[in-house]
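Hi,

Here's the structure I promised to pass on. Have a look first, and my notes follow below.

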Amino acid sequence: MPIHTEPMTVNIGPQHPSTHGVFRLRVTFDGEEILEVEPIFGYLHRGTEKLAEERNYTQIVTLTDRLDYVSSMINNQAYCLAVEELLGVEVPQRAKYLRTLTAELQRVASHLMGIGFFLQDLGTLGTPLMYGFRSREKILDLFEMLCGARITLSYMRPGGVFFDAPDDFWPALDQFLEDFDIEFEELERLILENEIVMVRTRGVSVLPLDLAINASVSGPTLRASGSDWDWRKKAPYDAYDRMDFEVPTATGGDNYDRFWVRMQEIRQSIRIVRQCVEQIEPGATRAEVPLILRPKPGTESYGRVEASKGELAFYVVSDGGISPYRMKVRSPSLINLTVTEHLLVGWKLSDMIVTLGSLDINMGEVDR
Amino acid sequence: MNCVLGSDNILNDTVLYRVIYEAVGNVLPCGLSYVVAGLAMMMILVNGVLVGAGLFSWVERRLIGRFHNRIGPNRWGPFGLLQPMADLVKLLTKEDLTPKSADRLLFAIVPVAMLAPVILTMAVVPFAKDTALANLNVGVLYILAVTSITSVAIFMAGWASDNRYAMFGASRGVAVLISYEVPVVMSLLGVVLLAGSMSLDDVVSAQNVPFLLVQPMAFFVFLAGISAELNRTPFDLAEAESELIAGFHTEYSGVKFALIQAAEFGAVLTSSAVIVTLFLSGWSGPFSEYFGWAWFLLKIGVLAFMFSWVRATLPRLRIDQLLAFAWKFLLPLSIINLFATALEVYFLRDDAGTLATSDLWVMAGINFGVAFACLIIFGTLIKEKVRPARLITGDTLSAVEAD
């Protein structure tokens, strides 16, 4: 008797432990193997771009916090760079260093979370996640000293940063850097060369470099496929031109390489933070800007940064009013998500969850 | 009046049963005291396993808390010891949902079908000298028969829930259980050969040298197989929280969920008890005449700690890798082990068919050599089979940059 089988369609999400927010995948399975994938998003749409047209330039900073809510500092930075270009304001040196320093700390925090959830999706019982959270918690404490907030920071302003760092911030930062090396080494020893992690992730969901470039993929996902594209090197902003760091790349383009590149980037970020601490000098932390910003009519600017997920950019157009005529967000998570179908078809259900984790998407940024 | 135990009673060897039987026999007719003593043993068994499962759930949550750099449950009672009680009360007061399209009868049977084998396994395990509830002469066979009920229960859960995640979990669970049953049985045969009996009491008394040392490979295979049957990482595919919500028990809530959880935590303890009895010389140890139970509990504790440790450390395997591990690695290992043990027993036993302690040490030496050789050979073989080749893409970026 021939065995009769038929494909089965399952909705993974929007409520599912491993979709990283309210993300839905309509997947057709043949047994455990994936035949078709249809990503569906938009459940977290809050109309950030439209809201920005109703706020003044300073208020919009708080909206950017809520895009990728695990790396708000970098979102602030991208938006502030765009508005500064619009106004033609020169940012003081100290503010530039503070921005670089906080952005790199935020990158570490974001990558720790990305790695933690990636390994959680691989089936660990939260141990690597908790190791990461231990360090992330200390970074959030540092942010709390800077601006009073831990997640939605709004620390940066067009023209510089909100406040100078308090005196007790620097000893606390030194202590953090000292502890972090030990803690991160523990995480590396626990999981980086783990046999099961290797078996599960090597050669799985390979993203070829040409496809990655054609799909405009950016960030660690692109660098894992063999490119060394990094805006911090290609078009340095803030204080990155004075920093000495490397851009880790891998050639496999598989899940393991995406994970590996993030692990290495954390080390480089800490290197940048150390250099900032050495180089920073006293001075003003915010340029002289009016309370209500009014860029000239018809001006437009494109401020981009290398965010933890990829290239984050704000395109701002001014009509001379107190709020932008139009603001467009180029969110890396959304664009990195466009290759999901290529990555997932032909692999198994377990691989699908891991691949989503390795892309390190954030739905706050995808849906805006 | 004084009652005398019948000669054909499998409970005869149990000290506690005799004590209760004789005490009750002083006031009640003999037939009735037979029933009362039997019921008393049943209560001890069921409650022992359930309380043990509750305690172990606390122990494991505390341990995993420590592995996570957290504290773990510490609020309710001293050191949080009453946490299982609080969990139980919470789960009992929750609504007991049954999906509209579920097969109601099958759906309701599952929690019981999961818990029953766990409790039944404990019946033949000796805690100390003469304390096995039933000293079956086919104890090993009985354990294998009873524990395989779990696979039926898992499939019933998946089928009755009418949920696609549950169905995924159930089909995975059955595949895993059926595959791992084979190497587990094969590895047990070595122990049976050495002991010359299937009764767990005889297996314990045959272990002048713990069978862990005499049968290292069988111990390894059995441990891997058991953790697969327990649905714990790295083999927790049937539940696979990050993939399948909760796998086969996705739709279970309230008291049914509590029973399934109790079965899972209890299964760790009973499996540890079985491993202790078969490989770690059971209750024997210094002063085991009086403190056999303490040795037994200590050894269970060590094994349970190890299970928690593994669970907190390792990621999960994929289903094809898991099945490949069973058929291509564990099964050949267990067959080689069985063959080697059979040869050794054939050549070393004396005329009466028994093995001296010195013979056991000789076998331990040979078997360790065999185990290391096999682990290295099969380890390299399976490594290349499972790991896919790494795809290297050419560097097309330079071309793009040139544009």
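Leaving aside its neighbours within four places in sequence, which residues is Ser301(A) in contact with? They are Ala82(A), Glu85(A), Leu86(A) and Val316(A), where contact means that the C-beta atoms, placed from the backbone, lie within 7 Å.

Some housekeeping before the rest. This is a predicted model, so local features need pLDDT of at least 70 and side-chain atom pairs count only at pLDDT 80 or more, while totals for chains, interfaces and linings use all residues. Residues are numbered from 1 along each chain as its sequence is written, with chains lettered from A and ligands numbered from 1 in the order in which they are written.

**The sheet around Ser301(A)**

Ser301(A) sits in strand E6 of chain A, residues 300-306 (strands, E, at least two residues, and helices, H or I, at least four, are DSSP runs numbered from the N terminus).

E6 belongs to an open, antiparallel sheet of three strands, ordered E6-E7-E8 in chain A. E6 and strand E8 (326-330) of chain A are the edges, each pairing on one side only; pairing takes at least two DSSP bridges between the strands. From one strand to the next the twist averages 10 degrees. Strand E7 (residues 311-317) of chain A is joined to E8(A) by five bridges, and Tyr315(A) stands opposite Lys328(A) in E8(A). Helix H3 (residues 72-87) of chain A packs on this sheet and touches E6 and E7 of chain A, its direction making about 150 degrees with that of E6(A) (angles run from 0 to 180 degrees between N-to-C directions, and axes are lines fitted to C-alpha atoms, for helices over the stretch in contact).

**A helix pair**

H5(A) packs with helix H6 (residues 169-191) of chain A at about 165 degrees, the axes being 9 Å apart. The two are therefore roughly antiparallel, the word for angles over 145 degrees. Among the residues of H5(A) that meet H6(A) are Tyr131(A), Leu142(A) and Met145(A).

**Chain A against chain B**

The contact takes 40 residues from chain A and 37 residues from chain B. On the chain A side, H7(A) gives the largest share, five residues. That side divides into 17 nonpolar, 16 polar and seven charged residues (Ala, Val, Leu, Ile, Met, Phe, Trp, Tyr, Cys and Pro count as nonpolar, Asp, Glu, Lys and Arg as charged, the others, Gly among them, as polar).

Cheers

Technical notes
Contact = placed C-beta atoms within 7 Å. Parallel < 35°, antiparallel > 145°, perpendicular 65-115°, else oblique.
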